[in-house]
Amino acid sequence: MKIKWMLLLAGIVAMMPASAQQEQPHRIAYVNVPWILNNSPQVKAVEAQLKETFIEREQALLERQRKLDELEDRLRDSRGSMSDAEVRQLEREVVSGKRRLAIAEEEFQEDVALRKSEEINKLRRQIAEVIQSVAREKQLDMVFETAVVYVSDRVDISQDVLASLEGKSGQAGAPGASSSGAGE
């Protein structure tokens, strides 16, 4: 009876490597999302759209800065020919103008950053969808995006994701209508 159990056990052990070989190894990949963001046409379109959207405000701020510079030049050049009261009044105007300009510039930068963040988040969602699509197409089990110390070219699917994203760029229409985007 011991011999039968030993033969059965030996048969099971002999079959194990064969069944283990039939199982396919897990297929993993890596995507460099920051690189995709730096190279995607959608991000370039968003940047162009933002520039167009905010150009008037930016020009208005530049004009305010130019007028403030002129006021400072007038103060510097005319100090000797102005009364003390006129000098103080002009100095107050310069200080007040600088303060208001600084506030306006800060608000402008915050508005641009907020809008860019909103658009990049839409692009990130789109990139996530494209990554999932590429992963299914390549029959991958897992795709890493961050916290990877080393990646070989063999598992990096960033080019495939970018190519798929570029294909969607022509279909997307307005840059703001596209979604998602990630970065490195």
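How exposed is Glu47, in terms of relative accessible area? Glu47 is partly exposed, at 38% (buried is under 20% relative accessible area, exposed over 50%, partly exposed in between, with a 1.4 Å probe and protein chains only). Here are some notes to go with the model.

1. Ground rules. This is a predicted model, in which local features need pLDDT of at least 70 and side-chain atom pairs count only at pLDDT 80 or more, while totals for chains, interfaces and linings use all residues. Residues are numbered from 1 along each chain as its sequence is written, and side-chain values use heavy atoms, leaving out hydrogens and water.

2. The helix pair. Helix H3 (residues 41–78) and helix H4 (residues 84–137) have axes that come within 10 Å and cross at roughly 175 degrees. H3 and H4 are therefore roughly antiparallel (over 145 degrees; under 35 is roughly parallel, 65 to 115 roughly perpendicular, the rest oblique). Their contact has 17 nonpolar, six polar and 16 charged residues. Helices here are DSSP runs of H or I with at least four residues, and strands are E runs with at least two, numbered from the N terminus.

3. The structure holds 10 salt bridges (a side-chain nitrogen of Lys or Arg within 4 Å of a carboxyl oxygen of Asp or Glu). In one of them, Glu47 pairs with Lys116, with the closest N and O atoms 3.8 Å apart. Glu47 sits in H3 and Lys116 in H4, 69 residues apart, so this pair links distant parts of the chain. Lys116 is partly exposed at 34% relative accessibility.

4. Pairing within H3. Asp73 and Arg76 form a salt bridge with an N to O distance of 2.3 Å. Both lie in H3, three residues apart, about one turn of the helix. Asp73 is partly exposed at 33%, whereas Arg76 is exposed at 55%. Glu63, Arg66 and Glu70 are linked in a salt-bridge network.

5. A tie to H5. Asp160 and Lys138 meet in a salt bridge at 3.1 Å, N to O. Asp160 belongs to helix H5 (residues 158–172) and Lys138 to the loop between H4 and E2, so the pair ties together parts 22 residues apart in sequence. Asp160 is partly exposed at 33%, and so is Lys138 at 31%.

6. A nonpolar patch. Ile28, Met142, Phe144 and Val148 form a nonpolar surface patch, with about 310 Å² of accessible area together. Phe144 lies in strand E2 (residues 142–144) and is partly exposed at 35%. Patch residues have over 30% relative accessible area and no salt bridge; nonpolar side chains (Val, Leu, Ile, Met, Phe, Trp, Tyr) are joined within 5 Å, like charges within 9 Å.

Key:
Accessible areas come from the Shrake-Rupley method with a 1.4 Å probe; for residues, only the protein chains shown count as cover. Axes are lines fitted to C-alpha atoms, for helices over the stretch in contact, and angles run from 0 to 180 degrees between N-to-C directions. Ala, Val, Leu, Ile, Met, Phe, Trp, Tyr, Cys and Pro count as nonpolar, Asp, Glu, Lys and Arg as charged, and the others, Gly among them, as polar.
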